[in-house]
Amino acid sequence: GALRREGSSSISGSNSSSHSQNKLSGYSSISITLDDRPLNLAKLEKFITSARVQKLARMKGVLWIHGMDSHRCVLHLSGRGRLGFEQDGKWSGPPKSELAFIGPNVDAELEKEFAKCCIEEDYVGG
């Protein structure tokens, strides 16, 4: 999906991200919103089980998964690989994926890797 950085011009689409960094801890954070198409569950699974994601201190968000379009899913990861994934009711507005990452080496590359979890570009909502 396309990404828009908070406080700057749009790269493309209506998706967005914001970044912050705590120099004392060496950790930084990224918050990403993807709202133009749902995520592919197989691609998402590969992403969240990757070594890079498993090194994060925290990851949490609400996800729009293809094939589960009417229900939102909640994903959370906290230290030592504690991972939770569950359906959490129906969407109250338009579906979208919003995910926050906290940890060392959280950067634009991680953001791009997450965006690759979207289904193919030719998706037509439904």
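This is a predicted model: local features need pLDDT of at least 70, side-chain atom pairs count only at pLDDT 80 or more; totals for chains, interfaces and linings use all residues.
## Helix H1 and its cap

A polar contact is a pair of N or O atoms within 3.5 Å; within protein, one atom must be able to donate a hydrogen and the other to accept it.

Helix H1 covers residues 41-48, and Leu44, Phe47 and Ile48 are buried within it. These three residues cover an arc of only 90 degrees around the axis, which puts them on the same side of H1. An α-helix has 3.6 residues a turn, so residues three or four places apart point the same way. The other side of H1 carries Ala42, Glu45 and Lys46, which are exposed.

## Overall architecture

The protein chain contains three helices and six strands. Read from the N terminus, these elements follow the order β-β-α-α-β-β-β-β-α. The chain has 126 residues, of which 33% count as buried.

Among contacts in the protein chain with a separation of 6 or more, 59% involve residues 24 or more positions apart.

## Packing around helix H1

Several elements meet the buried residues of H1. The helices among them are H2 (51-54) and H3 (108-115). The strands are S3 (58-63), S4 (71-78), S5 (82-90) and S6 (97-103).

## The aromatic cluster

Phe47, Phe101 and Phe114 form one aromatic cluster. In the model as a whole, the count comes to three aromatic pairs. The pair of Phe47 and Phe101 is edge-to-face, with 6.1 Å centre to centre and 85 degrees between the planes. Because Phe47 lies in helix H1 and Phe101 in strand S6, this pair ties together parts that are 54 residues apart in sequence.

Phe47 also pairs with Phe114, and here the arrangement is tilted: the centres are 5.8 Å apart and the planes are at 45 degrees. Phe114 belongs to helix H3, so this pair ties together parts of the chain that are 67 residues apart in sequence. Phe47 and Phe101 are both buried. Phe47 has a relative accessible area of 6%, and Phe114 counts as buried at 0% relative accessibility.

Leaving aside neighbours within four places in sequence, Phe114 is in contact with Ile32, Leu34, Leu39, Leu44, Phe47, Leu63, Ser97, Leu99 and Phe101.

In helix H3, the buried residues are Leu110, Glu111, Phe114 and Ala115. They cover an arc of only 140 degrees around the axis, which puts them on the same side of H3. The N-terminal end of H3 is capped by Asp107, with a side-chain oxygen 3.1 Å from the backbone nitrogen of Glu109.

Lys43 is found in helix H1 and is partly exposed, with a relative accessible area of 30%. Apart from neighbours within four places in sequence, Lys43 is in contact with Lys116, Cys117, Cys118 and Glu120. Its side chain reaches the backbone oxygen of Cys118 at 3.3 Å.

The C-alpha atoms of Lys43 and Ile119 are 8.5 Å apart, although these residues are 76 residues apart in sequence.

Asp35 is found in the loop between S2 and H1, and at 27% relative accessibility it counts as partly exposed. Its C-alpha atom is separated by 8.3 Å from that of Pro94, which is 59 residues apart from Asp35 along the chain.

Thr49 is placed in the loop between H1 and H2. A polar atom of the Thr49 side chain lies 3.3 Å from the backbone oxygen of Lys46. Thr49 and Leu83, 34 residues apart in sequence, are 9.6 Å apart in space from C-alpha to C-alpha.

Conventions. Residues are numbered from 1 along each chain as its sequence is written. Side-chain values use heavy atoms; hydrogens and water are left out. Helices (H or I, at least four residues) and strands (E, at least two) are DSSP runs, numbered from the N terminus. Buried means under 20% relative accessible area, exposed over 50%, partly exposed in between (1.4 Å probe, protein chains only). Contact means heavy atoms within 4.5 Å. The arc is that of the directions from the helix axis to the C-beta atoms. Rings of Phe, Tyr and Trp (its six-membered ring) pair if their centres lie within 6.5 Å; planes under 30 degrees apart count as stacked, over 60 as edge-to-face and the rest as tilted.
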